[in-house]
Amino acid sequence: MSDFTKPYTSATQAGLLLVPTLVVLVAFLYYPAVETLRLSFFQTLLLGTKQQFVGLDNYVALATSAEYQKSILVSFLFAAAVVVGALVASLFISYLLFEVKAGASGYLLAAIWPYALPTAVAGTILLFMLHPTLGIITHYLEALTGLTFDWFTSGPLAFFVLVVVAVWKQLGYNIIFLVAALNNIPETLTESAQLDGVGRLTMLYRVYIPLISPTLTFLVVMNTIYAFFGAFPLVDLMTSGGPNNATNLLIFKLYRDAFEFSSLGQASAESMILFGIVSLLMYVQLRFSDRHAHYGA
């Protein structure tokens with residue numbers, strides 16, 4: 001009798017252990033997702049207390065909105081610049097750290113500490129350091145180049161500053177994974193390549209990158225998510241979407257439509273579109289990695 005009750009008892013115990021996780025997922029993930037989808041078909045007033053069904057009108061309005069189309073373009077350009085910039089810079093730094101023998105731990109700690117800063121704190125600090133009139137970094141840049149870095153009024157310059165700050169903030173996260181991946185490469189492979197006279201850059205491009213391609217694929221996905229969602233505090237604190245909507249990312253426009261203009265229906269539609277865009281990008285990236293990433297024998 002006990003033999004028949006053991007599987008049932010184990011399944012019951014496993015189910016009970018999963019209940020807290022399921023409750024959290026339903027309360028904070030599935031229910032908000034379903035409610036967002038429902039609200040996207042309504043026009044809402046007074047923070048959602050009054051709702052009127054409008055069908056696909058919110059989606060049609062967004063599709064024909066020049067401001068929203070510009071926000072999509074800005075978000076894609078920002079994501080591409082952040083992903084490429086963060087991966088290239090972190091790969092170069094990680095390779096240098098990988099080759100360092102003395103004091104490697106100290107260099108690694110210095111390289112990853114920006115990631116430990118909360119994004120809001122990092123944004124506030126860099127806002128003052130890069131301020132067009134008060135920032136110490138801007139002061140020395142203007143003194144060295146003779147140019148004026150007033151990114152409060154220049155849209156392209158504000159976009160560039162935001163990209164640089166976002167890349168800097170994400171470097172530590174990438175470096176942690178890349179250094180770990182490089183350290184897992186067999187030393188015999190490195191020694192063999194060195195005996196054959198392979199140069200350092202050739203070693204990185206021809207040997208190391210193919211071997212750590214699964215890690216790079218993972219970081220491409222995570223950096224894409226970061227670029228579309230995680231840069232919100234930087235935009236909010238540093239540029240507020242300006243000037244002239246040059247940094248008005250989709251996630252920031254969504255926030256403003258929902259909480260500044262009290263248009264929860266339109267913001268919900270924007271949320272569903274943003275979710276669809278990022279999901280499609282994840283699918284394409286993962287399918288590409290299945291063909292080109294090296295997962296070993």
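Which helices each supply at least two residues of the nonpolar patch? Some notes to get you started.

1. A word on the model. This one is predicted, so local features need pLDDT of at least 70 and side-chain atom pairs count only at pLDDT 80 or more, while totals for chains, interfaces and linings use all residues. Numbering runs from 1 along each chain as its sequence is written, and side-chain values use heavy atoms, with hydrogens and water left out.

2. The patch. The helices asked about are α5 (119–129) and α6 (136–145); helices are DSSP runs of H or I, at least four residues, and strands are runs of E, at least two, numbered from the N terminus. Val121, Ile125, Met129, Ile136, Ile137, Tyr140 and Leu141 make up this nonpolar surface patch, with about 570 Å² of accessible area together. Patch members have over 30% relative accessible area and no salt bridge, and nonpolar side chains are joined within 5 Å. (A salt bridge puts a Lys or Arg side-chain nitrogen within 4 Å of an Asp or Glu carboxyl oxygen; areas are Shrake-Rupley, 1.4 Å probe.) Helix α6 gives the largest share, 4 residues.

3. Two residues to look up. Leu141 sits in α6 and is partly exposed, at 36% relative accessible area. Asp257, in helix α12 (residues 250–259), is buried at 7%. Buried is under 20%, exposed over 50%, partly exposed in between.

4. Around Asp257. Leaving out residues up to four places away in sequence, Asp257 touches Ser262, Ser263, Gln266, Ala267 and Glu270 (contact: heavy atoms within 4.5 Å).

5. The record. An unreviewed UniProt entry places "domain: ABC transmembrane type-1" at residues 72–285; such annotations may be inferred rather than shown by experiment. That stretch is 79% helix and 0% strand, with end C-alpha atoms 19 Å apart.

Definitions and conventions. Patch = residues over 30% accessible without salt bridge, like charges linked within 9 Å, V, L, I, M, F, W, Y side chains within 5 Å. Buried < 20%, exposed > 50% of the residue type's maximum accessible area, 1.4 Å probe, protein only.
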